[in-house]
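Work through the exercises below with the sequence and the model open. Each task is followed by a solution in steps.

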Amino acid sequence: MDLRVHLPELSPAAAAAHARLAAMSDSRRDELARRAQERASELGLVRGSQAIPLVLSPVARPREELAALGRAARLIVSALVKVSREVIERSPERARLLFDHLSPLELEALRTRWREAEELLIGRVDWFVDRAGRPRALEVNATIPAMPAYSDAAALGWLRAWPVGSAKRSVAGQGGGRAEALFARSYSNAGWLADGLLEAARSARRELPLRVQLLHRENDPQRSELVALSRLLLQRGCAEARTCTPDGVALDGAPDRVLYRHLFARYVEPGTPLGRAFLDPVRHGMWNRVDGWLETKGLLAELSLRAGSPALSSEERDAVRSLLPWTRLLDDVADAELGTGEGYILKRSHDYGGKSVVIGQEVGPAGFREVLAFARHDLPGSWVAQELVDSPALDRFFALHAPGEPVRAGRGPLHLDISTYASLIEGVPDGGSVCRGAPGRVVNIVGGGGVAPLYPDDVLQEALDAA
């Protein structure tokens, strides 16, 4: 699969936007940073009470590249599900090695409900793009893939603020609703998710109009995403779309109810009413279903190992071979195979948020050997080794947040990743993408990264022409 996404090479529209930012005076650029961050935060680009930094230099790619990413993400996710099925059915000892870390509720779901979990509403493939422009799938998120509403907020918020120049007006102020019109020609990831949830409910013959419960934990920092999703569901004709915590969720199995799960199963005990509902997803119209094994990094290693499996279609095999970096469970690799660690990373199979990622190139041979020795003493199945995907940093402008100071524009090298959504619900189209940026190679919002506005090239060019 010869897919190229030339993220390190700015498209003409993205290059022009960055050049205009560079040509602004410091005061004008700071004002843009403040306004754009404010608009994006109003739309939900926040984590708890803290604004998520907005990357001011937008990203744009041709529509055909973005569409190809959507097709590729679906192939990777469907291949992962098929390999999971192969492991569970034919290699139970291997399955125990890969999935032993799961919580009690997840293990019970794996034992009794794993086939239902294959009806995956939303997954997210996180790509790093190498210097040749080839996207490589570093991870697959399947339990609670975040950022659909964040990405929408970043894209629409930037359009509402652009430009702040001598005209002292924004795209949103030119012709009334211009920003919204441009965004409508782009891609709404939250809209795609809302439509996918409705399609899943229709396919499952839930009664209309739906009453949707968006379940989250108390004080969930990502609640803003769920609020945005609830608005979209109401706009699409749902009788109810409300956020709720376990204390307020209705578990009567009513045929017009849908339960959108934004609560990690590890927080729920199997014997509780909520635990029993999680283990009966069809009755409760529940998506996302409990599927923690699907985002185990060891399973991605298994997919890399079984790239030629006859369980996969020819398209899936091609996608895995060309787009998945070499990844192995550490238990399957000798220290000598990893050498000095220069071309590899280590990470825990069941961690998240980039917290345990160790990049050999950054820690050096001695540091890599030390982490490797530590990982060898951990429980079997706990770590994976993966080929390093060398994605160059780009000069970017971003909204700089300093304690006690107003938001202003910063500038510096950022590593960008691109993540693409995929659904295995029949009738749901290929998903869109979101971009993040961070100073280090581990690109993650929790670790201090931000979200970059992402557009089809023609949409960004029209925004620039309107300024």
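**Exercise 1. The partners of S15**

How many bridges join S15 to strand S16 (residues 433-438), and in which sense do the two run?

Solution. The model is a predicted one.

Step 1. S15 and S16 are joined by 6 bridges and run antiparallel. Within this pair, Leu416 lies opposite Gly437 of S16.

Step 2. Strand S14 (residues 394-400) also runs antiparallel to S15, with 7 bridges between them. Here Ala399 has Ala409 of S15 as its bridge partner.

Step 3. Strand S4 (residues 123-129) pairs with S15 as well, in the antiparallel sense and over 5 bridges. Val125 faces Thr420 of S15 across this pairing.

Step 4. Buried means a relative accessible area under 20%.

**Exercise 2. An open sheet and its edges**

Give the strand order of the open sheet formed by 4 strands, say which strands stand at its edges, and find the helix that packs on the sheet.

Solution. 

Step 1. The order is S10-S13-S11-S12, and the pairing is antiparallel.

Step 2. The edges are taken by strand S10 (327-329) and strand S12 (358-359); each has a single partner strand, so one side of each lacks a neighbour in the sheet.

Step 3. S10 pairs with strand S13 (residues 383-387) over 3 bridges, in the antiparallel sense. Leu329 is positioned opposite Val384 of S13.

Step 4. The packing helix is H12 (residues 297-305), which touches S10, S13 and strand S11 (344-348). The direction of H12 makes about 120° with that of S10.

**Exercise 3. Two packed helices**

Describe how H3 and H13 are oriented to each other, and list the residues that meet.

Solution. 

Step 1. Two packed helices are described by the angle between their axes and the distance between the axes.

Step 2. For helix H3 (residues 63-90) and helix H13 (residues 314-323), the axes come within 9 Å and cross at roughly 105°.

Step 3. Angles of 65 to 115 degrees count as roughly perpendicular. H3 and H13 are therefore roughly perpendicular to each other.

Step 4. From H3, the residues Ala72, Leu75, Ile76, Ser78, Ala79 and Lys82 meet Glu315, Glu316, Ala319, Val320 and Leu323 of H13. Sorted by class, this contact has 7 nonpolar, 1 polar and 3 charged residues.

**Exercise 4. Backbone exceptions in loops**

Locate the cis peptide bonds from Leu208 to Pro209 and from Trp287 to Asn288. Then ask of Arg205, which has a phi near 60°: is Arg205 buried or exposed?

Solution. 

Step 1. Most residues other than glycine have a negative phi, and most peptide bonds are trans.

Step 2. The bond from Leu208 to Pro209 is cis with omega near -5°, and Pro209 sits in the loop between helix H9 (189-203) and strand S6 (211-216).

Step 3. The bond from Trp287 to Asn288 is cis with omega near -10°; Asn288 belongs to the loop between strand S9 (286-287) and H12.

Step 4. Arg205, with its positive phi near 60°, is in the loop between H9 and S6. Its relative accessibility is 76%, so Arg205 counts as exposed.

Step 5. Asn219 also has a positive phi, near 60°. This residue is in the loop between S6 and helix H10 (223-235), and Asn219 is exposed at a relative accessible area of 68%.

Technical notes. Residues are numbered from 1 along each chain as its sequence is written. This is a predicted model: local features need pLDDT of at least 70, side-chain atom pairs count only at pLDDT 80 or more; totals for chains, interfaces and linings use all residues. Side-chain values use heavy atoms; hydrogens and water are left out. Axes are lines fitted to C-alpha atoms, for helices over the stretch in contact, and angles run from 0 to 180 degrees between N-to-C directions. Angles under 35 degrees count as roughly parallel, over 145 as roughly antiparallel, 65 to 115 as roughly perpendicular and the rest as oblique. Contact means heavy atoms within 4.5 Å. Ala, Val, Leu, Ile, Met, Phe, Trp, Tyr, Cys and Pro count as nonpolar, Asp, Glu, Lys and Arg as charged, and the others, Gly among them, as polar. Two strands pair if DSSP finds at least two bridges between them. Buried means under 20% relative accessible area, exposed over 50%, partly exposed in between (1.4 Å probe, protein chains only).
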